[in-house]
Amino acid sequence: MAKTLGLIGAGNIGSALARLAVAAGLNVVLSNSRGPETLTDLVAELGERARAATPTEAAEAGDLVVATVPLNTYQQLPAAALAGKTVIDTMNYYPERDDRIAELDAGEQTSSALVQWHLADSQVVKAFNNIDFVRLFSSARPVGADDRSALPVAGDDAAAKAQVAELLDALGYDAVDTGRLADSWRSEPGTPVYVQPYLPAQPAGLTDAEMWRWFSETPGLPVPADRVKELTDTAVRRSAGDARATLAQD
């Protein structure tokens, strides 16, 4: 089992993963594009198991490394420092944020395949991309819990996927293997397993402030492994440029 989780990106998803990792007894090394000094408050909250670093230092320190940055910055990931590592890709393509990426608009590639191309000497595994950051943290459950949820995992290397499944288990989730990186579109924005199954129905007529309060405070719904498999198996592919994000929370 990995002892240190490196995080390149410490936004909503990265912070949630850091909190889960510390709670599971792992060490975390956090980084972002703005510098370690901007992570002082988060590191203080996480305690002695956490420290801030540069992206390259986080890549070098992690037994497993999470890349959780906007997709349009994936080419800035430190490929040399990540060589030989399993890299967890949480990134989604949101055209309204990332600008247009022709290969994804045409459905010729998946976003994770592009990340793997950049990180040619790493093993990229897609995970944590289909659940919003609030439910990612609040829905974690111990092994054997009746209301434990599962998350999809895709990758080209079986050993790397096994590592990531072990991490998911430690953080509070079952893993459902959905295939290779070429199949990772099955959990992308616009597919049946993306975000909505983990959320109850949204009340109608809320103001923006009320909607944010509802989003921030509402407990998630459990989505067991057999349901995740059903949802991913029945997904129909369309071009990523046509699949609008419901919650751009990478």
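**Salt bridges and a buried threonine**

Let's begin with a trio: Arg148, Asp169 and Asp174 are joined to one another in a network of salt bridges. The model you are looking at is a predicted one. In total, the structure contains twelve salt bridges. Side chains of opposite charge can pair when their charged atoms come close.

Start with Glu45 and Arg19, whose side chains form a salt bridge with an N to O distance of 2.6 Å. Glu45 belongs to helix H2, which covers residues 40-46, while Arg19 sits in helix H1, residues 12-23, so this pair ties together parts that lie 26 residues apart in sequence. How accessible are the two partners? Glu45 has a relative accessible area of 49%, which makes it partly exposed. Arg19, at 27% relative accessibility, is partly exposed too.

Next, turn to a pair within a single helix. Asp233 and Lys229 make a salt bridge, and their closest N and O atoms are 3.0 Å apart. Why are these two residues separated by about one helical turn? Both are in helix H11 (residues 225-233) and they are four residues apart, so about one turn of the helix lies between them. Asp233 is partly exposed, at 45% relative accessibility. For Lys229 the relative accessibility is 45%, and this residue counts as partly exposed as well.

A further stop is Asp105, which pairs with Arg100 in a salt bridge; here the closest N and O atoms are 3.2 Å apart. Asp105 is partly exposed, with a relative accessibility of 21%. The cut-off for buried is under 20%, so Asp105 at 21% falls in the partly exposed class.

Where does Thr90 sit? You will find Thr90 in the loop that runs between strand E5 (86-89) and helix H5 (95-98). Is Thr90 buried or exposed? With a relative accessible area of 1%, Thr90 is buried. The Thr90 side chain also has a polar partner: it makes a polar contact with the side chain of Thr68, at 2.9 Å.

Notes
Residues are numbered from 1 along each chain as its sequence is written. This is a predicted model: local features need pLDDT of at least 70, side-chain atom pairs count only at pLDDT 80 or more; totals for chains, interfaces and linings use all residues. Side-chain values use heavy atoms; hydrogens and water are left out. A salt bridge is a side-chain nitrogen of Lys or Arg within 4 Å of a carboxyl oxygen of Asp or Glu. Buried means under 20% relative accessible area, exposed over 50%, partly exposed in between (1.4 Å probe, protein chains only). A polar contact is a pair of N or O atoms within 3.5 Å; within protein, one must be able to donate a hydrogen and the other to accept it, and residues adjacent in sequence count only if both atoms are side-chain atoms.
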